[in-house]
Amino acid sequence: MKAIVFDAFGGTEVLHEAEIDVPEPGPGQVRVQVRAVGVNPVDGKIRSGIMEAIFPTTLPAVPGGEIAGIVNAVGQGVDQLKVGDEVLGWSDTGSYAQYALADPAVLAPKPAGLDWTRAAALPVASDGADRVLDLLDVTAGETLLIHGASGALGTVAVQLAVARGARVIGTAGPANQEYVTSLGATALVYGDGLVERVRALAPQGVDAVLDAAGKGALEDSITLRGGTDRIVTTADFRARELGVVFAEGPQRRSATRLAELARQAADGGLVITVGATYPLADAAEAQQVSDGGHGRGKLVLTVG
């Protein structure tokens with residue numbers, strides 16, 4: 001099968017297309033014929049080698065772990081899925097490939113009204129948004145500041161926080177102000193004078209901060225909070241030196257929750273935005289854009 005592989009750590013130039021063996025599902029696994037793959041910032045960080053302490057990688061490796069596709073084979077003991085089922089979720093093997101293995105427990109059924117690219121864009125963003133909002137203990141009536149509100153994680157986090165009854169102030173680039181507003185947040189352009197502009201909108205202060213941008217917003221966040229309490233970043237590796245929580249804990253990977261949100265996305269109740277799609281062969285280009293911090297939604301690879 002065709003797959004994207006890297007044989008050494010480094011920049012996007014280490015990624016290349018290769019022919020590798022089609023994986024066979026073991027007991028308790030299924031094989032998924034991949035139709036679309038979510039490209040996540042962590043994919044580039046693993047490829048670069050800076051995540052070795054958290055995600056040890058045996059080379060050569062196939063990147064990725066977020067998939068949408070069709071069950072193609074089932075292993076011994078699997079009875080909850082069958083060949084032909086359309087699913088989305090997480091893979092056990094690298095997802096930048098035509099086939100990947102997965103645990104049925106972390107796969108949700110893909111609703112008919114949810115296209116492949118949006119299906120592939122949902123699992124990591126929704127899992128991360130739920131996990132961080134719980135870490136921050138966001139409740140109704142509170143004001144939450146989200147940096148990077150137009151990205152894949154930010155898009156979902158804004159909507160889930162609003163659904164909890166919170167008021168959300170979301171920072172994004174000038175081109176994404178209307179988009180962030182459409183999600184239910186009060187939009188602000190990031191950059192100079194942010195502290196004063198947030199305080200003008202929230203004179204009583206902000207109750208919690210999610211930094212999904214990783215663009216130097218932690219100092220302003222600490223100033224706005226008057227300390228490091230209830231600030232979580234998913235993107236800024238300076239977190240520890242500043243005393244801020246970095247959300248690096250294990251993903252929950254709840255198929256039940258993913259199925260619920262997939263139904264909402266299919267029905268139009270949850271906006272899932274795909275910023276751009278790339279064929280599998282152009283994975284290096286997609287990761288380069290991801291590494292640079294693209295502006296809106298999720299980057300997705302299409303397969304087959």
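Guide: Let's start with arginine 164, which is partly exposed at 26% relative accessibility. In that scheme, buried means under 20% relative accessible area, exposed means over 50%, and partly exposed is in between (1.4 Å probe, protein chains only). Before going on: this is a predicted model, where local features need pLDDT of at least 70 and side-chain atom pairs count only at pLDDT 80 or more, while totals for chains, interfaces and linings use all residues. Residues are numbered from 1 along each chain as its sequence is written, and side-chain values use heavy atoms, with hydrogens and water left out.

The partner of arginine 164 is aspartate 134: they form a salt bridge with the closest N and O atoms 2.5 Å apart. Arginine 164 sits in the loop between helix H4 (152-163) and E9, and aspartate 134 in helix H3, so-called distant parts of the chain that are 30 residues apart. Helices (H or I, at least four residues) and strands (E, at least two) are DSSP runs, numbered from the N terminus. Aspartate 134 is partly exposed too, with a relative accessible area of 37%. A salt bridge here is a side-chain nitrogen of Lys or Arg within 4 Å of a carboxyl oxygen of Asp or Glu.

Stay with helix H3 (123-136) for a moment: aspartate 137 is in the loop between this helix and strand E8 (143-147). Its phi is positive, about 55 degrees, although aspartate 137 is not a glycine. Most residues other than glycine have a negative phi. Aspartate 137 counts as exposed, at 51% relative accessibility.

E8 and E9 take us into the sheet. Six strands make it up, an open sheet ordered E10-E9-E8-E11-E12-E13 with parallel pairing. Strand E10 (186-189) and E13 are the edge strands, each pairing on one side only. Two strands pair if DSSP finds at least two bridges between them. Strand E11 (residues 208-211) and strand E12 (residues 231-233), for instance, run parallel and are joined by three bridges.

Helix H6 (residues 194-201) lies across E8, strand E9 (167-172) and E10, and runs at about 160 degrees to E10. Helix H7 (residues 218-225) packs on the sheet and touches E8, E11 and E12, its direction making about 165 degrees with that of E12. Contact means heavy atoms within 4.5 Å. The axes are lines fitted to C-alpha atoms, for helices over the stretch in contact, and the angles run from 0 to 180 degrees between N-to-C directions.

Back to charged pairs: the structure holds 16 salt bridges. Another of them joins lysine 298 to glutamate 66, with the closest N and O atoms 2.7 Å apart. Lysine 298 is in strand E15 (residues 298-302) and glutamate 66 in strand E4, so this pair ties together parts 232 residues apart in sequence. What about accessibility: is lysine 298 buried or exposed? Lysine 298 counts as buried, at 2% relative accessibility, and glutamate 66 is buried as well, at a relative accessible area of 0%. There is also a network of salt bridges, which links Asp130, Arg257 and Glu260.
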